[in-house]
Amino acid sequence: MSTNTETNGRYHSNWLNMMYPRLKLARNFLSSNGIIFISIDENEIENLKNLCNEIFGEENVIATLIWKSKSGGANDSRFFAMDHEYIVCCAKNFNDLQLNLDTEVQVSTSYPYRDEKGEYGLERLDKQSIQYSKGMDYEIVGPDGKIYKPMHKNPEKPNATWRWGKERVKEKYGELVFKDGKVYTKNYKKEGAIPRSLLIDDRFGRTRTGKTDFAELIENNVFSSPKPKKLIKFLLNISVNENDIILDFFSGSSTTANAVLEFNNEKSRNIKFIMVQIPEKTDEKSNAYNDGYKNICEIGKERIRRAGDKIVHESGNKDLDIGFKVFKLDSSNLEKWDPDYDNLEQTLLVSQDNIKPDRTQEDLIYEIMLKYGIDLTLPIEEYNAGENKIYSIGFGALLICLDNNITKEISQSIIELASDDVSRVVFKDNGFASDADKTNIKETLRSNNIDEFITI
C-alpha cells in the first residue's frame with residue numbers, strides 16, 4: 001500500500017485502476033432493483049461518471065446529488081470556497097428500481113376529494129409546452145360524448161399538449177376526471193415527497209456533524225472527516241426495503257454501520273450491513289495509534305460496539321440486534337496435497353492432517369459455510385457428544401465435527417441434532433478412529449435420511 005499523491009504522474013490512472021474493479025464487482029453484487037451511492041469530491045467526479053457510464057450503462061446512472069458538506073473554507077480557497085461534494089447514484093436496472101418517498105418532507109398540496117384509494121387533488125392533464133408535439137395534441141372523448149382537447153392560449157399558434165400519450169389515456173381512462181370542460185388526473189396524497197437532488201438542509205448533516213457523531217462514541221480525534229449519520233440515514237430511508245443488505249466498500253470509521261443500527265431502531269426494521277475496509281495502518285505518531293488502534297479496521301469495530309450499546313441504553317430496545325461478526329481475507333485453512341513423488345506408496349498409506357497448524361476449528365467452520373453458500377450470520381451452537389464436539393449451524397441444517405478418534409457412538413447425537421429439512425454432516429477425513437467406524441457412521445446416518453456425508 002502506498003499513498004497516491006497528486007505529484008505522481010499516474011495520479012488519475014492509479015485512481016481509475018483502483019476504482020474500476022471495485023465498481024465492476026459492486027454491480028455484480030447489486031440485486032436487480034438495487035442502487036449504489038458513491039460519495040466523491042470534485043477532483044475525480046468526471047472520471048467517476050465515465051466509469052459509471054461504462055460499467056452500469058448511461059441509462060442506469062440516474063442522478064448526481066449535490067451535498068452541502070460544509071460552510072466556509074473561504075480562507076483556504078484560491079478562487080472558490082468549495083462547500084459541496086457529490087453523490088453519484090447508479091441503479092442495477094433503472095426499470096426495476098423503485099425509490100421510496102422522502103418521508104421527512106411535509107407536502108403542502110391541498111387534497112379536497114376522497115375515494116376508495118384515499119384523499120386526492122386534481123391536476124390538469126393538459127399543459128403549456130415550449131416544445132409543441134402534434135402527437136400529444138389529440139382529441140379525448142368524455143363519458144358524455146363530449147370532445148376534449150388541450151387548451152391553447154393562442155389557437156392560431158398551438159402550444160398545449162396532453163401530459164399522457166394515447167395508450168396511457170386508454171389504460172387509465174377510468175381514473176380521469178372530466179369537469180368544467182377540462183380533463184384532470186387524480187393526484188393522491190402521499191406520505192412524503194420525491195427526493196430532491198440538492199441536499200443542502202441541516203437535516204443531511206455536514207462534515208463537522210460527522211465529527212461530532214464520532215466524538216460522542218470515541219474521543220481524542222482518532223479519525224478524520226467521517227461522514228455524518230444524517231446523510232447515510234437519508235439515503236437508507238429513500239432506498240432500502242425489508243431484508244435488504246447494505247454493503248459499504250470503503251467503510252472507514254463505520255458510519256454506515258452506525259447509521260443502519262439507528263435506522264433499524266427508529267423504523268423497527270432489520271436491515272443488515274457488511275462493512276469492507278483494508279486494514280490500513282494508522283500513523284505511529286497519531287492519536288489513534290497511541291490509543292491502541294493500529295489500523296482503521298480497529299476503529300470501525302470499536303465504533304460499532306459502542307454505537308450498539310449506546311442505542312440500546314438510550315432507547316431501552318433490548319430486542320434490537322446489535323451483534324456483528326468480523327472476518328478477514330486469508331488463504332484456505334486446508335493445505336494443498338503435496339505428495340512425495342519418490343515415495344508415493346508411503347504418501348498414500350500414511351494419513352496426514354491437511355488442516356494448517358495455525359488455524360482453529362472455527363476458522364475451518366466458516367470456510368465450510370462459505371463454500372456451501374450458507375449465511376455467515378446463522379447461529380453456531382456447540383454440543384458435546386462423548387469425547388467429541390459437534391458444531392450445529394442454522395439449527396441443525398449443517399453439522400460439523402473436526403475432532404480426532406471419532407467412533408460410531410457419535411451417530412445418535414448427530415441424528416438428534418439434525419434438522420428436519422435437508423441436513424449435511426462434515427467430518428475431518430482422517431478424524432475417524434478406524435475405517436469401520438467411518439463406514440458404520442455413514443450407513444447409520446443414511447438409514448436416518450442424512451445422505452450428505454462429507455469429509456475434508
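Trainee: Why is Lys301 called buried?

Mentor: Buried means under 20% relative accessible area, exposed over 50%, and partly exposed in between, with a 1.4 Å probe and protein chains only. Lys301 has a relative accessible area of 18%, so Lys301 is buried. Please bear in mind that this is a predicted model, in which local features need pLDDT of at least 70 and side-chain atom pairs count only at pLDDT 80 or more, while totals for chains, interfaces and linings use all residues. Residues are numbered from 1 along each chain as its sequence is written, and side-chain values use heavy atoms, leaving out hydrogens and water.

Trainee: Where is Lys301 placed, and which residues is Lys301 in contact with, leaving aside neighbours within four places in sequence?

Mentor: Lys301 is placed in helix H8; helices (H or I, at least four residues) and strands (E, at least two) are DSSP runs, numbered from the N terminus. With those neighbours left aside, Lys301 is in contact with Phe324 and Val326, where contact means heavy atoms within 4.5 Å.

Trainee: What makes the pair Lys301 and Glu298 a polar contact?

Mentor: A polar contact is a pair of N or O atoms within 3.5 Å; within protein, one must be able to donate a hydrogen and the other to accept it, and residues adjacent in sequence count only if both atoms are side-chain atoms. The side chains of Lys301 and Glu298 are joined at 3.0 Å.

Trainee: How do you know that Lys227 forms a salt bridge with Glu85?

Mentor: A salt bridge is a side-chain nitrogen of Lys or Arg within 4 Å of a carboxyl oxygen of Asp or Glu. For Lys227 and Glu85, the closest N and O atoms are 3.9 Å apart. Lys227 lies in the loop between H4 and H5, and Glu85 in strand S3 (residues 84-91), so this pair ties together parts that are 142 residues apart in sequence.

Trainee: Why is Lys227 counted as partly exposed, and what does Glu85 count as?

Mentor: Lys227 has 28% relative accessibility and therefore counts as partly exposed. Glu85, at 18%, counts as buried.

Trainee: What do Lys186 and Asp115 tie together?

Mentor: Their side chains meet in a salt bridge of 3.0 Å, N to O. Lys186 lies in strand S11 (residues 182-188) and Asp115 in strand S4 (residues 113-115), so the pair ties together parts that are 71 residues apart in sequence. Lys186 is partly exposed because its relative accessibility is 26%, whereas Asp115 is buried at 17%.

Trainee: What makes the buried residues of H4 line one face of the helix?

Mentor: In helix H4 (residues 207-215), the residues Thr207, Thr209, Gly210, Asp213 and Phe214 are buried. Seen down the axis of H4, these buried residues fall within an arc of 155°, so they line one face of the helix; the arc is that of the directions from the helix axis to the C-beta atoms. They pack against strand S2 (61-68), helix H5 (229-239) and helix H8 (296-315).

Trainee: How do you know that S16 and S17 pair?

Mentor: Two strands pair if DSSP finds at least two bridges between them. Strand S16 (residues 388-393) and S17 have three bridges, in the antiparallel sense. Four bridges join S17 to strand S18 (residues 424-427), and these two run parallel.
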